[in-house]
Amino acid sequence: MPTSSVRAPIVSELIAATQGEHAYPVRVGGAPDDALAGFAGEHDRVALVSCAKVLRTAHGRAVKAGLARTGALAVVHVLPDGERGKTLRELERAATALLRAGLTRRSLVVGLGGGAVTDAAGFLAATYMRGVPWVAVPTTLLGMVDAAIGGKTAVNLPLAKNAVGAFHPPEAVLADPIALETLPARELASGKGEVMKYGALQPPLLATFAERCRAGIPEPSVIAACARMKVDVVEADPREKGPRKLLNLGHTFGHGVEAAGRFSRYTHGEAVAIGLAFAFRLARRLGRVGDGPVSAVEAALEGAGLPTRVPAPIARAAVKLMAFDKKRGDAGLLWVLPVAVGEGWTVEWDVAADEAAVEATVAEIAAGPARAVVPATKGARAKRKARR
Ligand SMILES: NC(=O)c1ccc[n+]([C@@H]2O[C@H](COP(=O)([O-])OP(=O)(O)OC[C@H]3O[C@@H](n4cnc5c(N)ncnc54)[C@H](O)[C@@H]3O)[C@@H](O)[C@H]2O)c1
Ligand SMILES: [Zn+2]
């Protein structure tokens, strides 16, 4: 069984990422303006692709104004918010806007927004004139620690999320945590679900991450440490054949929960939090870890305001939906699970689990003391539905 070999991260603000032949910096901290001006100077025209909400924020306005000052900004293309911007129809609209603005193969796309915008802008850059360079400016915590790094770009089809996409790494990822000041609390917590996943992959860091995610925006050092882990894993496995599967820790059951909640009841990070609790409890059922790791992970999640339980109907539906997961191999569903090493644990991928253990864990995860997720308000529910 393959095991984790993620190197311990050294917290720094500038991370050198390489994917095959392609090298690019991932910067955490500092306004992106100067770096963007530098990139703009190397291209004939620039298209800024974003969404209205982000363009209204102080960070969004500053990025747009900075690009305008370079004289290279030819078009600001505004995508519909969230998942509604990740469609083939929107790709066509965006590519048409770029053509009308005179963008050529020597032009640059800048994607400014959450994971939905950087996925869509990256895919636009991957396909416009058979590929132009792009820079990612993530504005959500999830984007800074995950979505904007690694070069996976995509749009959705009505039948499946991220069904049409390409590997197209950016020229740079410029993450300024100041952007997070305007992020709604629930979206911030969602990003913390991914931060805790990185902590669960590097047990010595879990307590620090938990401490620094308790209230408000995590320190830039935490964001940089997570970004570095993603960079390291992607570098080790650019095409997701082996070690990159580690990043799916908590995502097997998590994706089931997301689908069972019809992609509106739980944010991605909330579903991942429940999936992490599930993975550690399943590992305990299988005799791979004791009580310590389960308590450590659940305490970290709950401290960050994330759920670790789901109502029984959701848990049962999640298991059924998991059966359709794309990570299913010939040997059945394969898990990413911890295994004890001394006082701590490491994480392995491609682990089989018998159905009885999974069923018993479903009963556990649906049981009290339930710290159920705060039900979404009517407005938030409608909005999430629209983002599907
Ligand atoms: N490519 C990858 O490797 C990868 C990895 C993980 C997730 N993703 C994708 O990322 C997407 C989810 O990304 P997300 O969680 O960032 O959500 P999101 O992009 O939908 O953004 C969430 C909400 O926050 C708003 N927002 C963004 N930044 C803001 C800011 N600074 N201030 C105020 N509001 C702001 C957005 O307008 C949106 O309403 C999904 O489509 C998922 O498939 C991709
Ligand atoms: Zn995730």
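1. Lys86. This residue sits in the loop between strand S4 (73-79) and helix H4 (88-100). Helices and strands here are DSSP runs, numbered from the N terminus: H or I over at least four residues for helices, E over at least two for strands. Lys86 counts as buried because it has 27 C-beta neighbours inside 10 Å. The scale is as follows: buried means 20 or more other C-beta atoms within 10 Å of the residue's own, exposed means 12 or fewer, and partly exposed lies in between, with C-beta atoms placed from the backbone. Leaving aside neighbours within four places in sequence, Lys86 is in contact with Ala116, Asp119, Ala120, Val155 and Asn156. Contact means that two C-beta atoms, placed from the backbone, lie within 7 Å. Lys86 and Asp119 are 33 residues apart in sequence, yet their C-alpha atoms are 7.4 Å apart in space.

2. Basis of the model. This is a predicted model: local features need pLDDT of at least 70, side-chain atom pairs count only at pLDDT 80 or more, and totals for chains, interfaces and linings use all residues. Residues are numbered from 1 along each chain as its sequence is written, while chains are lettered from A and ligands numbered from 1 in the order in which they are written.

3. Confidence. The protein averages a pLDDT of 90, and 89% of the residues score at least 70. pLDDT is the predictor's confidence in each residue, from 0 to 100. Over residues 5-12 the value is below 50; beyond near neighbours in sequence, this stretch has 16 contacts in the model. Residues 370-388 also fall below 50, with 26 contacts in the model beyond near neighbours in sequence. Where pLDDT is low, the predicted coordinates should not be read in detail.

4. Overall make-up. The protein has 15 helices and 12 strands. Of its 388 residues, 50% count as buried. Take the contacts between residues at least 6 apart in sequence: 76% of them join residues at least 24 apart.

5. Ligand 1. The shell holds 31 residues, and the closest are Gly114, Gly115, Ala116, Thr139 and Thr140. A residue is near the ligand if its C-beta atom, placed from the backbone, lies within 6 Å of it. Helix H2 (52-56), helix H5 (115-127), helix H6 (141-147), strand S8 (160-167) and H7 each supply at least two residues of the shell. By type, the shell divides into eight nonpolar, 13 polar and 10 charged residues. Here Ala, Val, Leu, Ile, Met, Phe, Trp, Tyr, Cys and Pro count as nonpolar, Asp, Glu, Lys and Arg as charged, and the others, Gly among them, as polar.

6. Helix H12. The 13 residues of H12 (residues 291-303) should span 18 Å at 1.5 Å a residue, and the end C-alpha atoms are 18 Å apart, which agrees. The expected span is 1.5 Å times one less than the number of residues. Pro293, Val294, Ala296, Val297, Ala300 and Leu301 are buried in H12. Seen down the axis, the buried residues fall within an arc of 165 degrees, so they line one face of the helix. The arc is that of the directions from the helix axis to the C-beta atoms. Asp291 and Ser295, on the other side of H12, are exposed. The buried residues of H12 pack against helix H7 (185-201), helix H8 (203-212), helix H11 (268-285), strand S11 (332-341) and strand S12 (344-352). Gly305 follows H12 and has a positive phi, near 80 degrees.

7. Helix H8. Leu205, Leu206, Phe209 and Ala210 are the buried residues of H8. They cover an arc of only 140 degrees around the axis, which puts them on the same side of H8. Their packing partners are H7, helix H9 (220-236) and H12.

8. Val222. This residue is in helix H9. Val222 counts as buried, with 25 C-beta neighbours inside 10 Å. Leaving aside neighbours within four places in sequence, its contacts are Val195, Phe209, Arg212 and Cys213. Val222 and Val195 are 27 residues apart along the chain, with C-alpha atoms separated by 8.1 Å.

9. Positive phi outside glycine. Arg130 is not a glycine, but its phi is positive, about 60 degrees. Arg130 is found in the loop between H5 and strand S6 (134-138). Arg130 is exposed, with 7 other C-beta atoms within 10 Å. Phe263, also not a glycine, has a positive phi of about 55 degrees. Its place is in the loop between helix H10 (251-260) and H11. Phe263 counts as partly exposed, with 17 C-beta neighbours inside 10 Å.
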